Amino acid sequence: MIDKRWCMASACGAALMSAVAAQAQTAAPQTAGSTVEEVVVTANKRSENLMDVPVAVTAFTSQAIADKRLAVLSDLNNAAPNVRISGGDAAANPKMFIRGVGLSDFNPTTASAVGVYVDGVYIGSPFATLSSFFDLGQIEVLRGPQGTLYGKNTTGGAISITSNRPTWRPSAEGSVEYGRFKSLTVNGAVSGPLIEDKLAFRLAGQYLRDDGATLNTVTGDHVNNANRGAIRGSLLFTPSDKDEALLSVTRYANRGGARQAKQRPLFPSTAAATGADGLCKPGYYYSGACADISGYADPSADPYRVAADVQGKDRVDYYSTSLNYTHHFGGVDLVSISAFQNVRRNIDENSDTSPADILHNHFIAYQKEWSQELRLQADVGNLKWVLGAYYMRDELKNNSTFDVLRDFRPFFTTPSNPTGVSVDNSVVFLRYAYTQNTDTYALFGQADYSLTDKLTATVGLRYSADKKTFDYHETAEEAFDLVPPYAQRKSFGAFSGRLGLRYDLTDESNIYATYNRGFKSGGFFGGQADHESYKEQLAPYGNETVDAYEVGSKSSLFDRRLRLSLSAFYYDYKDLQAFAFVVRDTRTVQILDNAGSARVYGGEAEITAVPIRNLTLTGGLALLHAKYKDYRSEGGDYSGNQMPEAPKFNASLSAKYKVELESGAAIEPSLDASYRTRIFFDPSQTERLSSPAVFQLNGQLAWRSPDEHLEAGLWAKNLTNKAVLVEITPIAGLGYDMLSYAPPRTFGVFLRYHY
């Protein structure tokens with residue numbers, strides 16, 4: 001367990017290490033490959049050196065994105081301290097947690113506690129977060145509440161993605177890779193001027209497919225396959241030296257398979273297999289002594305072997321348009337970001353993962369978003385300031401179905417009930433449809449003022465308001481209302497902001513202390529409601545707020561051979577939004593409510609070092625205490641439990657070495673290792689619903705041509721071949737859990753070209 005004294009020690013350590021910087025500046029001569037590369041970030045809505053920003057932020061440059069093979073959002077999992085990104089869905093709904101803060105709810109009405117931004121545009125739909133992960137210039141992961149400058153308030157943090165811009169010189173790049181499970185990924189981009197110094201373009205695209213790592217023994221097909229593509233066109237227009245406009249249009253489509261989880265049967269048939277909770281004991285799951293409600297017992301413990309009667313599809317179609325416009329006048333910049341997004345998801349999913357027809361889901365949802373942000377900002381003398389306004393309109397329509405226990409209908413057929421439908425026993429076809437419209441308004445401002453040559457103060461304030469209307473309908477057998485029509489309108493609003501101090505010990509090191517008030521809007525639950533308790537499920541839940549305190553240090557040491565960032569943080573949460581599954585009779589019911597309070601604290605360290613020429617080491621270390629302080633729900637008393645997706649310890653280490661050949665070419669081997677302790681997937685802290693500690697290793701061996709235009713090599717992921725659980729969905733009422741796993745060991749070859 002992490003003691004508060006550790007956090008105080010971290011704070012002292014941060015100051016001590018930064019003080020060392022004052023004595024660690026040497027005059028050693030610098031050569032290429034002997035110093036840590038400078039990284040520029042936009043965490044404060046302006047370009048700054050990473051080491052000057054008093055925010056816990058990890059940045060990945062375009063080269064790092066390629067070397068680490070960050071191909072989808074979930075690849076950021078554990079790539080930065082205290083960052084967890086996972087999810088069992090094939091093409092949407094990643095579950096994002098930073099410092100233990102996030103939400104496991106997969107329903108589209110609920111906003112994540114971690115915001116995703118692409119070129120300054122907030123991606124509000126959980127169906128669209130994979131759409132822009134290609135042709136990237138940089139990724140920034142901001143840890144901690146973002147309650148001032150970002151378009152949508154988030155209590156966990158933000159992931160800011162920057163795509164490559166059009167260039168004024170002709171350029172082209174492309175890559176092809178092929179690997180295990182017949183995986184194929186193709187990327188390409190061309191860019192250049194259309195009118196010299198006035199108009200430039202960029203056209204980029206991606207295609208990705210694989211056969212899937214999981215075998216369906218019923219059909220003999222491989223499932224969990226990928227098949228998606230995207231294209232983005234951009235125009236950069238600079239009519240004068242005071243004006244710049246960037247127009248981007250993106251189209252993304254997914255046609256891969258739906259999630260095929262591994263079934264873990266829970267109903268024991270022998271006393272020896274029965275645990276204290278009445279469910280199957282560990283070790284007996286695949287012994288034949290445990291089965292689901294239909295009596296099916298999966299004979300194989302292989303996580304990549306399932307028996308499914310339905311092989312579904314996960315179809316996602318996404319369109320977006322954004323216009324970023326900047327006008328410079330009188331030392332002040334006017335920034336306008338206008339965007340429109342349209343996404344449709346249609347997923348046909350076998351949610352029992354067995355040969356029987358127990359639970360068949362069909363989710364259909366449409367979401368449209370319009371957003372507009374206006375900012376005035378300036379950097380004049382001792383003062384840097386930003387003033388802005390934000391508006392977003394979100395329109396969501398859901399029309400989804402559950403077909404429950406269809407194979408059981410013959411057992412309930414009687415002269416008075418010829419269809420065999422039994423609502424009380426959950427033998428029924430359900431359709432739940434709803435609309436939710438949200439209008440979001442915000443006014444915000446932040447100022448950084450240099451009190452002295454070394455001391456800078458930061459003050460930020462934001463007021464946000466969400467106006468939501470919700471209309472829910474649920475029918476049974478397409479014939480009668482199982483739940484009376486429910487409609488409600490509610491507004492949610494709050495102040496948030498930031499206070500901070502940064503002190504420069506030297507030109508290469510600083511220490512900082514910040515206070516952030518974070519806010520996440522309340523809302524309405526978007527899952528299927530239970531007919532006996534729908535009023536409680538559909539009633540609006542309240543705002544989530546956090547008071548976050550952080551101290552840290554950033555230093556460049558030993559003539560920029562070492563870059564070190566340290567931070568210690570303490571969060572006090574109130575009305576934390578929490579999602580869980582509970583069982584009522586045979587019905588597994590989703591609930592989303594406010595969890596009372598929680599306490600989160602810990603510390604992080606990031607280091608980048610060049611100990612010898614051409615060798616770069618990058619490491620991250622995090623300790624985390626994230627527990628509910630007061631959380632009583634229908635599922636029980638969870639007070640004192642570890643929060644979901646919050647490992648107590650996680651670490652990563654990367655090593656890359658450049659071997660220079662006489663021809664001028666180079667060979668670059670690299671390794672990425674990561675480790676995390678046990679995580680739980682729900683608030684109950686049940687061992688069955690957890691994933692044990694995991695160590696993973698990835699690697700790459702690249703050859704680079706003398707002119708650096710051409711790269712070729714080998715790659716491998718999950719070299720230890722661990723079956724890593726990324727999600728568990730408990731369907732205990734029907735006698736099973738759904739287990740989703742990350743891919744096993746994969747490997748292949750790649751070829752990249754840059755011009």
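Predicted model: local features only at pLDDT ≥ 70, side-chain atom pairs only at ≥ 80, totals over all residues.
Figure 1. Strand β14, made up of residues 214-216, pairs with β21 in the parallel sense, and two bridges join them. Within this part of the sheet, L215 stands opposite R305 of β21.

**Figure 2. The whole protein, shown for orientation.** The protein contains three helices and 47 strands. Its radius of gyration is 26 Å, close to the 27 Å that the globule rule gives for 755 residues, so the protein is as compact as a globular protein of that length. The C-alpha trace spans about 90 × 60 × 60 Å along the principal axes. When contacts between residues at least 6 apart in sequence are considered, 68% of them join residues that are at least 24 apart.

**Figure 3. The salt bridge between E349 and R259.** Across the whole structure, a search finds 41 salt bridges, and one of them joins the side chains of E349 and R259, with a distance of 3.5 Å from N to O. This pair links distant parts of the chain, since E349 belongs to strand β23 (residues 332-350) and R259 to the loop between β17 (243-257) and β18 (262-265), 90 residues apart. E349 counts as buried because its relative accessibility is 3%, and R259 likewise counts as buried, at 9% relative accessibility. In general terms, side chains of opposite charge can pair when their charged atoms come close.

**Figure 4. A salt bridge between two loops, with E477 as one partner.** E477 and R409 form a salt bridge in which the closest N and O atoms are 2.6 Å apart. The partners come from distant parts of the chain, 68 residues apart: E477 is in the loop between β27 (455-476) and β28 (480-506), and R409 is in the loop between β25 (383-404) and β26 (428-450). E477 is partly exposed, its relative accessible area being 24%, whereas R409 counts as buried at 10% relative accessibility. The backbone of E477 also deserves a look, for this residue has a positive phi of about 55 degrees although it is not a glycine. Most residues other than glycine have a negative phi.

Figure 5. D119 is a residue other than glycine whose phi is positive, with a value near 50 degrees. The residue is placed in the loop between β7 (114-118) and β8 (121-122). With a relative accessibility of 16%, D119 counts as buried, which follows from the cut-off of under 20% for buried residues.

Figure 6. The side chains of R517 and D547 meet in a salt bridge with an N to O distance of 2.8 Å. Because R517 lies in strand β29 (residues 509-520) and D547 in strand β30 (residues 544-557), the pair ties together parts that are 30 residues apart in sequence. R517 is partly exposed, with a relative accessible area of 28%, whereas D547 is buried, with a relative accessible area of 12%. Elsewhere, salt bridges link D67, K656, E668, R704, E711 and R752 in a network.

Figure 7. A search of the whole structure finds 24 aromatic pairs. In the pair shown, the ring centres of F649 and Y675 are 6.1 Å apart and the ring planes stand at 50 degrees, so the pair is tilted. F649 lies in strand β38 (residues 649-657) and Y675 in strand β40 (residues 666-676), so the pair ties together parts that are 26 residues apart in sequence. F649 counts as partly exposed at 25% relative accessibility, and Y675 counts as partly exposed at 30%. One aromatic cluster is formed by F363, F402, Y432, Y434, F470, Y472 and F524.

How values were computed: Residues numbered from 1 in each chain as written. Heavy atoms only, no water. Pairing = 2+ DSSP bridges. Helix = DSSP H or I, 4+ residues; strand = E, 2+ residues; numbered from the N terminus. Salt bridge = Lys/Arg side-chain N within 4 Å of Asp/Glu carboxyl O. Buried < 20%, exposed > 50% of the residue type's maximum accessible area, 1.4 Å probe, protein only. Rg over C-alpha atoms; globule rule 2.2 N^0.38 Å. Contact = heavy atoms within 4.5 Å. Phe/Tyr/Trp six-rings, centres within 6.5 Å; stacked < 30°, edge-to-face > 60°.
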